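Let us take a walk through the inside of a protein chain. Keep the viewer open and look for each residue as it comes up.

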Amino acid sequence: MNLFTMAEAANNYSAAGAGKTKIPTAKMLLLGILAGFLIGVPSVVTNMATYTVVGNSTVRMISGILFAFGLGTVILTGAELFTGNTLILISVLDKKATAAGMLRNWILVYIGNFLGSMFLSFVCARFGWLNAANGDTANALAIASMKVAQGKMTMPFQNAFFMGVLCNILVTLGVLMSLAGKDGFSRVIGAWIPVCFFVTCGFNHSIADMTYCTMGLFAKSNAAYCEAATAMGVDLSKLTWGNYFGGNMLPVTLGNIIGGLLVGFIFWFCWIHTK
């Protein structure tokens, strides 16, 4: 067979997760920056692909198909992604890693993911990417990006939290399904399917939201974009850094952690603990 069993995949992750906790600090940060960038790129791609599309279902379906390749690029490049690394719980429960090592990985990788996402969104917002449209719709991409950002940072706390839980259940399943593959194609498809599902459903991924939200925030600093958005009846009053950190990053990150820990515990209990 060209696949590992789920028991083998869980055990493979246990060993890999232990290694993640021992990566040197500088390397861990750089791999985190790379993952933030690699997850940010599909965020940019989906904004570009859907900013003129009418119909929420269509937007979500297109976004799901395109965004889902991001996790595969992270896995194949060996980059470090915070949401996937919540599975290090498997290594801790299997006594191959410590809780302190897991937390160190989470903190450094989260910081790296944030820096990689911020770099991408800043460059795109400040150096012309948001001007991709032409003519009367010259600012349409910027307006759409600000709308996406505002929507993500004004969700009720509990909604953002539980959408984060559901999201990372699927993301971590994607990581484990990817580990079941023995070749590049199988690994990418294993990661692609659950991610396509969560994006199409509209669940919240903290690292992807770093790019979506900061893109809108950086766009708001451009007077021309703000003027165009206001003329279109867009209320930008809620598009603030405070709403981003308190209304998106906090609840979504907490939800992602809970979702990932839940999957990690289930796979440890079912495929390692009872072996």
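In the lining of the largest cavity, 7 residues are nonpolar, 1 is polar and none is charged. Please keep in mind that this is a predicted model. The residues around the largest cavity are I39, F67, L71, L81, V171, V195, F198 and H205. The space inside the largest cavity comes to about 40 Å³, and the structure has 1 cavity of 30 Å³ or more.

## The nonpolar core

Three of those names come back here. The largest nonpolar core has 77 residues, and the members that touch the most others are Y13, F67, L71, L130, F198 and Y244. In soluble globular proteins, nonpolar side chains tend to be buried together.

What does Y244 touch, if residues up to four places away in sequence are not counted? Its partners are F114, M153, D209, M210, C213, T214, L217 and M249.

Just after α4 comes G78, with a positive phi of about 80°.

Now for the open spaces. Rolling a probe the size of a water molecule over the atoms shows where empty space is left.

| Pocket | Volume | Lining residues | Classes in the lining |
|---|---|---|---|
| Largest pocket | about 750 Å³ | 29 residues | 14 nonpolar, 11 polar, 4 charged |
| Second largest pocket | about 260 Å³ | 16 residues | 9 nonpolar, 4 polar, 3 charged |

Which residues of the largest pocket's lining lie nearest its centre? They are N56, V59, R60, V148 and K152. Two or more lining residues come from each of the helices α2 (25–50), α3 (56–67), α7 (140–153), α9 (184–201) and α10 (206–220).

For the second largest pocket, the lining residues closest to the centre are Y13, K20, I75, A79 and V175. At least two residues of this lining come from each of α1 (6–20), α4 (69–77) and α8 (157–179).

## Salt bridges

How many salt bridges does the model have? The count comes to 3.

One of them joins E80 and K20, with the closest N and O atoms 2.9 Å apart. E80 sits in the loop between α4 and α5 (88–93), while K20 is in helix α1, and the pair links distant parts of the chain, 60 residues apart. Are these two buried or exposed? E80 has a relative accessible area of 3%, so it counts as buried, and K20 is buried as well, at 15%. K20 is also among the residues closest to the centre of the second largest pocket.

Another salt bridge brings together the side chains of K152 and D209, at 2.9 Å from N to O. Because K152 lies in helix α7 and D209 in helix α10, this pair ties together parts that are 57 residues apart in sequence. K152 and D209 are both buried. K152 is one of the residues nearest the centre of the largest pocket, and D209 is in contact with Y244.

The side chains of D94 and K96 also form a salt bridge, with N and O 3.5 Å apart. D94 is buried, at 18% relative accessibility, whereas K96 is partly exposed, with a relative accessible area of 39%.

## Two residues to look up

K95 is not a glycine, yet its phi is positive, about 60°. You will find K95 in the loop between α5 and α6 (99–126), where it is exposed, with a relative accessible area of 75%.

I62 is part of helix α3 and is partly exposed, with a relative accessible area of 27%. Leaving out neighbours within four places in sequence, I62 has contacts with A49, T50 and V53. From C-alpha to C-alpha, I62 lies 10 Å from N47, and the two are 15 residues apart in sequence.

Conventions
Residues numbered from 1 in each chain as written. Predicted model: local features only at pLDDT ≥ 70, side-chain atom pairs only at ≥ 80, totals over all residues. Heavy atoms only, no water. Core = buried A, V, L, I, M, F, W, Y, C linked by side-chain atoms within 4.5 Å. Buried < 20%, exposed > 50% of the residue type's maximum accessible area, 1.4 Å probe, protein only. Contact = heavy atoms within 4.5 Å. 1 Å grid on protein atoms, 1.4 Å probe; cavity = no way out; pocket = protein on both sides within 12 Å on 5 of 7 lines; lining within 4 Å. Points joined across faces, edges and corners; volume = space filled by probe spheres on them. Helix = DSSP H or I, 4+ residues; strand = E, 2+ residues; numbered from the N terminus. Nonpolar A, V, L, I, M, F, W, Y, C, P; charged D, E, K, R; others polar. Salt bridge = Lys/Arg side-chain N within 4 Å of Asp/Glu carboxyl O.
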